[in-house]
Amino acid sequence: MVKCRACGMDLRPGARFCDRCGTKVEKICPACGAVLRDQARFCDLCGVPLEGAVPVSRPKAQKGGIAAGQLHTVAFRADGKVLATGNNDFGQCDVSGWSDVVGVACGKDFTVAVCADGTALAAGNNQFGQCDLSGWTNLIAVACGETHTVGLRSDGTVLATGRDAKAQVGKWANVTAVAAGMDHTLGLCQDGTVVAAGQGMFGTCAVEHWQDVTAIAAGHMHSLGLRKDGRLLQADGFIAPGVLDWTDLTAVAVGPYHTVAVKQDGTVVASGDIQHGQCQVEAWTNVRTVAAGERHTVALCADGRILAVGDDSAGQCDVTEWKLW
């Protein structure tokens with residue numbers, strides 16, 4: 001059974017939209033990832049016969065989104081423009097000229113974006129080639145580790161570049177979401193299982209028994225999976241106190257030493273390092289999603305406002321004037 005890329009629900013045979021979340025279902029060329037015309041016998045882009053084409057759900061375009069690096073914060077607006085604040089030693093905040101962006105991710109000191117045409121943009125530290133994305137196409141999402149970048153293509157395959165990139169994704173297929181930690185990468189598969197690659201220090205890649213997962217998050221030394229029932233799974237490694245007791249979750253993010261999650265009622269819970277106040281989120285409401293930097297936490301509210309708490313030594317929390325829609 002094919003599952004929706006957005007919410008994980010089983011798709012009915014012949015369905016044009018997911019019954020749960022409304023995500024559009026399209027057929028994708030198994031060779032190049034191009035979206036196919038109805039009743040097409042050959043791919044218009046690469047010419048391959050289409051007996052192997054399978055239906056997939058393409059995630060709905062987001063109104064806006066957020067990401068957090070070590071000392072910087074990035075967001076994209078509903079109009080595709082990008083905002084950034086914080087440390088800019090490597091040019092990781094030089095994104096004001098970007099447009100048509102539909103997704104963003106932050107590494108330690110670099111920033112990556114997915115554009116509406118499936119290409120990628122990058123700015124910041126490129127010491128290990130983590131910003132070498134010029135040949136990437138058909139992207140629907142990106143994720144950044146400390147020094148590597150991972151891209152998810154529309155056909156469910158995965159690309160990687162940066163330090164130890166070739167060891168990060170292997171020959172993954174049928175992937176619907178990606179996450180990247182310090183030296184490891186996670187992939188969420190259509191069947192709700194998770195694959196992992198990389199160094200796997202402290203057991204961060206021990207995810208082979210996970211099932212019914214709808215979202216994933218990777219930190220420096222830990223991996224988390226959000227299940228359909230709103231609870232978290234952990235891989236062996238660092239784990240913030242109490243997070244496995246959280247319930248009714250809809251989104252999760254991890255920094256190097258703290259974990260943040262959104263509950264169904266729009267409130268936020270956090271656990272882990274509190275030295276810089278990055279877990280002081282008790283008063284937040286109406287939150288849709290969250291991002292975790294090294295020592296700060298960012299939230300996107302349902303009305304397009306941005307909240308931030310924690311270390312602001314580089315101005316990474318200066319987001320009070322931002323409005324994404």
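Over the ring of which residue does the charged end of Arg 163 sit? Select Arg 163 together with Phe 128: the charged end of the arginine lies over the ring of Phe 128, 5.4 Å from its centre, where a charge counts as sitting over a ring if NZ of Lys or CZ of Arg is within 6 Å of the ring centre and within 35 degrees of the ring normal.

This is a predicted model, in which local features need pLDDT of at least 70 and side-chain atom pairs count only at pLDDT 80 or more, while totals for chains, interfaces and linings use all residues. Residues are numbered from 1 along each chain as its sequence is written, and side-chain values use heavy atoms, with hydrogens and water left out.

Of the 325 residues in the chain, 53% are buried, that is, under 20% relative accessible area with a 1.4 Å probe, protein chains only. The chain exposes about 14100 Å², with carbon and sulfur atoms supplying 48% of that area, as computed by the Shrake-Rupley method with a 1.4 Å probe. Among contacts (heavy atoms within 4.5 Å) with a separation of 6 or more, 39% are between residues 24 or more positions apart.

Now move to the sheet with the order β9-β10-β11, an open sheet of three strands with antiparallel pairing, two strands being paired if DSSP finds at least two bridges between them. Its edge strands are β9 (139-144) and β11 (158-162), each of which pairs on one side only, and the twist from one strand to the next averages 20 degrees, with axes taken as lines fitted to C-alpha atoms and angles running from 0 to 180 degrees between N-to-C directions. Select residues 148-153 to show β10, which is joined to β9 by five bridges and runs antiparallel to it; within this pair, Ala 141 stands opposite Leu 152.

The last stop is the open sheet of three strands in the order β12-β13-β14, where the pairing is antiparallel. Here β12 (175-180) and β14 (194-198) each have a single partner strand, so one side of each is left without a neighbour in the sheet. Neighbouring strands are turned by 20 degrees against each other on average, direction ignored.

Key. Buried means under 20% relative accessible area, exposed over 50%, partly exposed in between (1.4 Å probe, protein chains only). Helices (H or I, at least four residues) and strands (E, at least two) are DSSP runs, numbered from the N terminus.
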